[in-house]
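Colleague: I am new to this structure. Please show me how to read its features, one by one.

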Amino acid sequence: MKILRDLFRDYRFTFSFSVLVIIVALALLSFVSPYDPTLWNVVPKDMKPSVEHWLGTDSNGQDIFWQATFAVRNSLIISLIAGLVSRFIAILVGMVAGYKGGWVDRVMMFISDSLLVIPLFLIFVMLAMLVRQFLNLVVLGLMLAVFGWAWDARVIRSVILSLRERDFTNTAILSGTGTVKLVINEYMPFAMPLIFSNLINNIAWAIGLEITLAILGLVNLNIPTLGTMLNWALFYQSILLGRWWWILTPVILSLFLFIALYWLSTSISEYLDPRTRIQRVGA
Amino acid sequence: MDKLLEVNELTKQYSQGNVIARVILTAADHVSFYIKPAEIFTLAGESGCGKTTTAKIVLGFEEATSGTIVHNGKPQTRKEKVWITEGVQAIFQDPFSTFNPLRTVDSYFHETVQNFKLARTKQEAIDHIDKKLRLVGLSYQEFAGKYPNEFSGGQLQRISIARALVTDPKLIIADEPVSMVDASLRMSIVNLFKKLRDELGVSILYITHDLATAYYVSDRIAIMFRGNIIEMGSVEQVLMNPRHPYSKLLRDSIPQADPKLRWTSTVTLSELEQEEYLRRGCKFAGRCPEVMDICKGVVPADLSVDGVLVKCHKYSDTQKG
Amino acid sequence: MNNKLTVLRTEQLKAFYVLDVQGTQKVAKAVNEVDLAIYENEIYGIAGESGCGKTTLLKALFNDIILPLRLIGGKIFYRIGWDEEIDVTTLSPEEKRKLRLEYISYIPQGSMSVLNPVLKLRETYEDFIASHVSGQSREEIFELAYKQILELGLPKNVLDVYPHQLSGGMRQRVTIALAALMKPRIMIGDEPTTALDVVVQRGVIQMLKDIQKNLKNTIILVTHDMGVHANVADRIGIMYAGKIVEEATTELIFGQPRHPYTQFLINSLPKFGDKNVRSSVPGSPPSLANLPSGCPFHPRCPHVKEICREQMPGFTQLDENHKVACWLVGEGNHG
Amino acid sequence: MTFLKRYLIPRLFQYFLVIWLGITVVFLIPRLTPNDPVMRMIGEMRGRGSTLEPGAMDGIIRDLTQMYGLEGSWLDQYWAFWVRLAHGDFGVSFFQFPTPVNKLIATAIPWTLALLLTTTAISWIVGNIIGGLAGYYSRKGWSRTLDAIAMVIRPLPYYIFAFSLLLLFAYVVRWFPITGGASLGAIPSLSWAYIKDVLWHSILPALSLIILGGAVNFQTMKLFVQNTNSESFVQYAKMGGVTEDRIVSKYVIRNAILPQITGLALSLGQIFSGALITEIVFSYPGLGMLLYRAIINGDYNLIMGITLLSIVGITTAILVVDLTYPFFDPRVRYN
């Protein structure tokens, strides 16, 4: 509780926390939506925002507000799958590479370095081109996860490497503790804050990539996500036709979502980093 | 003679660089010594002399390039961890790094008791731990539930010793245990070693650069230089009357806490550490005040002079005669 | 002795760390009412355990007070010329900068990281010199630098390399040479030999003594190693919990220590040829953020009296070179 | 150990290994996906309503199989794939049949290179300089303001940021042209009018890349500088009275820039991907736009060509950046 109180002192944390609460609430609202998001022409087309349709309606004959709740929910699902699965890979690779060392380390780090270097976006485009019709939420999330772990594996590895040199590793060994328990008990508490803030960044990255792929038409456009909403809005030339309510909904939602996620991760990692804590003290 | 630990011809080489470019450094070069039961044996030398490397190999944290280690007559194998089978424990230099700052200190004790199945009930475990803590002048109540940063360095080092005692070891390896403890508290740690030796019969491999405490606490001493033991014997003989020129230099360079014993002579310093490692003959030949021609080409043998092992050409005549 | 010229002097110096830890203010009284008078042409040692405030005192003497360290009270005087004393706490940053290296120089704790890793030592020298002199005299000083390097027995190409190419002892000797280059009146060293091996330490101490003898200036040396103090210092101040508790010539500190803390400190040091049992000071040093009342040593003192718990003793001048702050010594003389 | 053996050769080895790995992945992707690209192609042709006779269909299938290099065992295919690459042959484009992929890429590449090189250079240099100064003077108001702005821009993905700029500056306030690399109907020439036209059209895409990249560089550099500022060698220089301008340039920024060079190398892949997306948003006629058209038209060959070329290009660029690193860091140059 004290931690939360301290965190709320940071305006960035307060802001992002509130925004995320609203966005998650939006996503949850989708469960009580009066409309089926996959059906078209359930409401009159191209209506301006009104009491009946808070954010207006689009050219597909869908209510934008309720469509947005589904979009947010699905984008969050994709990115959570991507974030959590890639976190799992990153922790595994980082811990094994860092603790084992030797050629295991070298091979794993070569693979993750290569993933960092290769223009992943193009690889995603190729993949998505080929498997477009199979791209449901889970597959897309997993696809992003398989390629999204490299940076964090490196970070976790370097944390382990520096901790391995500390004597408490040896103390634990001399206390008869096994390797797996040692890594979990001794190293995870140090790596956790990093893993957590990287998880948030990774979620943002996944949402961003989904939007890009969706705009290029490389995902299943019948599943509402922030990206597919933008795709339809662009497809129907909503800007040129002056239907600002349609295009602005996903744009503003994503602007707030990205800023909130980033601020959340920076405020938390700053809070947990003792060095910056001291800097704040002196200011 | 009864030997608790025997180290024979231990060699450790490190290679630096990658597959194409490689330099091999010998950190420990055919190091041999033994430790008797209830004895404090000191391995002394400056940084990079190989004393810590030797300790790590004895503990099984690193593997030797060649050589054998025998515990109580049984050779140390790769599979069996020595601290489980032979009761070897260790304490480290930096008391603040010995315990994870995010864990309570007592958790290490309970973990050890659990892992080694030293108690059946929680109360039994606490009693066992309390007994060990009392040996170092602390008690269970004083430390249960506390984190490392709630103790001073001296207290933590004593807790560290108590932790090592939980498994009732025969041998404790202490790597520079007092170098980061304040002078006013240093003796409380060193005196503990004596107490463990005299009352519990524990042997201690004391690794240090501080010859003054080594003299105070230990029975026998080996002085290392660039991977070799260059002189070994009882502390009285080695430190009060050093034979090897390097031992003399090292001994005389310890600043004595007595303004009447100020240095009068000057020293020459070596500038190229790596060069000394790679030197062919005696590694000290580059700055030895008593250097002879033979020193630069031939590695001196281990000679026995008045019961002291000396690795120096100066004494090859006395040996023959 | 006391007709010696005082080159650096403090009056009731108080420097505290003020930290705001998650809403609560924490004050660490690192330097607490310290009066020092350090003479010209001497090596003054400051001894004490970790966390006694000796490094902070050094920073204050160097007039380098940066947040979260704050100067709470007191004055620091440097003597400029023969008879002019200036209170350096009132100087502007630029005036402070100019005094450094020229008047008072700093010898860091010997480590890799004090020298800029991407500059050759020559460039580091050049930065330090050019910040203080300009024009023709700059070249002269460079010539002087090379001459000095040879005199101090350092290899003459030492300035043509990068810091990581030198051994620790060599780096440390270069920083000492740099500190002495402009013939400062005061040199300040913070554990300059602690990270070094014993043989190298001996060489570095030799060099420090040689420099002091040549320049006839003042060196203030902080170290926890009483052996080093015994070898180099002319006078020693023993610091405990932010205060100087005893000050005397080296001979007196080692021969006739009067403060119980000093006595423990001296008697706990092992000596060759003497295996008599030595004991430590009981207990642990106090935290500077939570000092005991009265004399800060009283919880560990075997001779504690009622007054020790209540009041901090003032100094008793035992003779002109020896003063102690302890209720056991010279009772009634405390002010 | 020579620098060549210790640094250069391992680095080159890694370079070729990465290229090999990347190209192999590109080779494997269509073969590992559950989807036969030839049948998918046929399906798409059907979907567009073209009807074919069964005989002609077989011919097309054979042609396409050959064109994709899907004949024979995987090993044969793999070998043939490399042989084709070695000849610089990426096959022909489908949507501009039968223009070779090479030719399409060749016309697009100058646009992308010009945009990418200038924006990367500008955002790196400007971001680092401003970030460096903001880090050193982190308590100043302007530093905090810039930091707040960067905090908002930094998290935005390329598409969203570019699109927001487009909305703002091309629709809301019509300061810049909406789309294209040049005005419609403008004839490429070296005339001032044409160059001006091209620059005018490139301002918005360039600006979006510079601002976004600059914000990232600004923030990381600011952090690096704040960390470097507390390094011992900076503190030591301050204690030696080195002037502030020297400390900022030669001690702080000079060292803080080192991880930024490595950072640039590591992020080139992302920057490139971002540039492609930006081109799509602004309809800028480079590789990104070409890629977009390839995606819309299902031109797999063209996408593969762009991907392969990008992998080689990016890894080479990274190699070049990495090879300049030793010029900045002597610790790599001399063991």
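Modeller: Start with contacts. Two residues are in contact if their C-beta atoms, placed from the backbone, lie within 7 Å. By that rule, the contact between chain C and chain B takes 38 residues from chain C and 35 residues from chain B.

Colleague: Before we go on, how should I read the names and the model itself?

Modeller: Residues are numbered from 1 along each chain as its sequence is written, while chains are lettered from A and ligands numbered from 1 in the order in which they are written. This is a predicted model, where local features need pLDDT of at least 70, side-chain atom pairs count only at pLDDT 80 or more, and totals for chains, interfaces and linings use all residues.

Colleague: Which helices of chain C each supply at least two residues of the side that touches chain B?

Modeller: First, the term. Helices (H or I, at least four residues) and strands (E, at least two) are DSSP runs, numbered from the N terminus. On the side of chain C that touches chain B, helix 5 (168–181), helix 6 (198–215), helix 7 (226–232), helix 8 (250–255) and helix 9 (260–267) each supply at least two residues. Helix 6 of chain C gives the largest share, six residues.

Colleague: How does that side of chain C divide by class?

Modeller: Here is the sorting rule. Ala, Val, Leu, Ile, Met, Phe, Trp, Tyr, Cys and Pro count as nonpolar; Asp, Glu, Lys and Arg as charged; the others, Gly among them, as polar. The side of chain C that touches chain B has 16 nonpolar, 14 polar and eight charged residues.

Colleague: How do I judge the overall form of chain C?

Modeller: For 335 residues, a compact globule would have a value near 20 Å, and the 21 Å of chain C agrees. Along its principal axes, the C-alpha trace of chain C spans about 65 × 50 × 50 Å. Chain C has ten helices and twelve strands. Of its contacts between residues at least 6 apart in sequence, 64% join residues at least 24 apart.

Colleague: What share of the residues in chain C is buried?

Modeller: A residue is buried if 20 or more other C-beta atoms lie within 10 Å of its own, exposed if 12 or fewer, and partly exposed in between; C-beta atoms are placed from the backbone. In chain C, 48% of the 335 residues are buried.

Colleague: Is strand 3 of chain C enclosed or open?

Modeller: Strand 3 (residues 43–47) of chain C is largely enclosed by the rest of the structure, because five of its five residues are buried. C:I43, C:G45 and C:A47 point one way, and C:Y44 and C:I46 the other way.

Colleague: Which strands pair with strand 3 of chain C?

Modeller: Two strands pair if DSSP finds at least two bridges between them. Strand 3 of chain C pairs in the parallel sense with strand 8 (residues 218–222) of chain C, over four bridges. There, C:I43 has C:I219 as its bridge partner. Four bridges also join strand 3 of chain C to strand 9 (residues 235–240) of chain C, again in parallel. C:I46 has C:G237 as its partner in strand 9.

Colleague: Is C:K216 buried or exposed?

Modeller: C:K216 is exposed, because 11 other C-beta atoms lie within 10 Å. C:K216 sits in the loop between helix 6 and strand 8 of chain C.

Colleague: Now chain B. What is the strand order of its open sheet of eight strands?

Modeller: The order is 6-7-8-3-9-10-12-11 in chain B, with mixed pairing. Strand 6 (88–91) and strand 11 (303–305) of chain B are the edge strands, and each pairs on one side only. Strand 3 (residues 40–44) and strand 9 (residues 220–225) of chain B pair in the parallel sense over four bridges. B:F41 stands opposite B:R220 in strand 9 of chain B.

Colleague: And how does chain B look as a whole?

Modeller: The secondary structure of chain B comes to 13 helices and twelve strands. Its C-alpha atoms fill a box of roughly 70 × 50 × 45 Å along the principal axes. Of the 321 residues of chain B, 49% count as buried.

How values were computed
The radius of gyration is taken over C-alpha atoms; the globule rule is 2.2 Å times the number of residues to the power 0.38.
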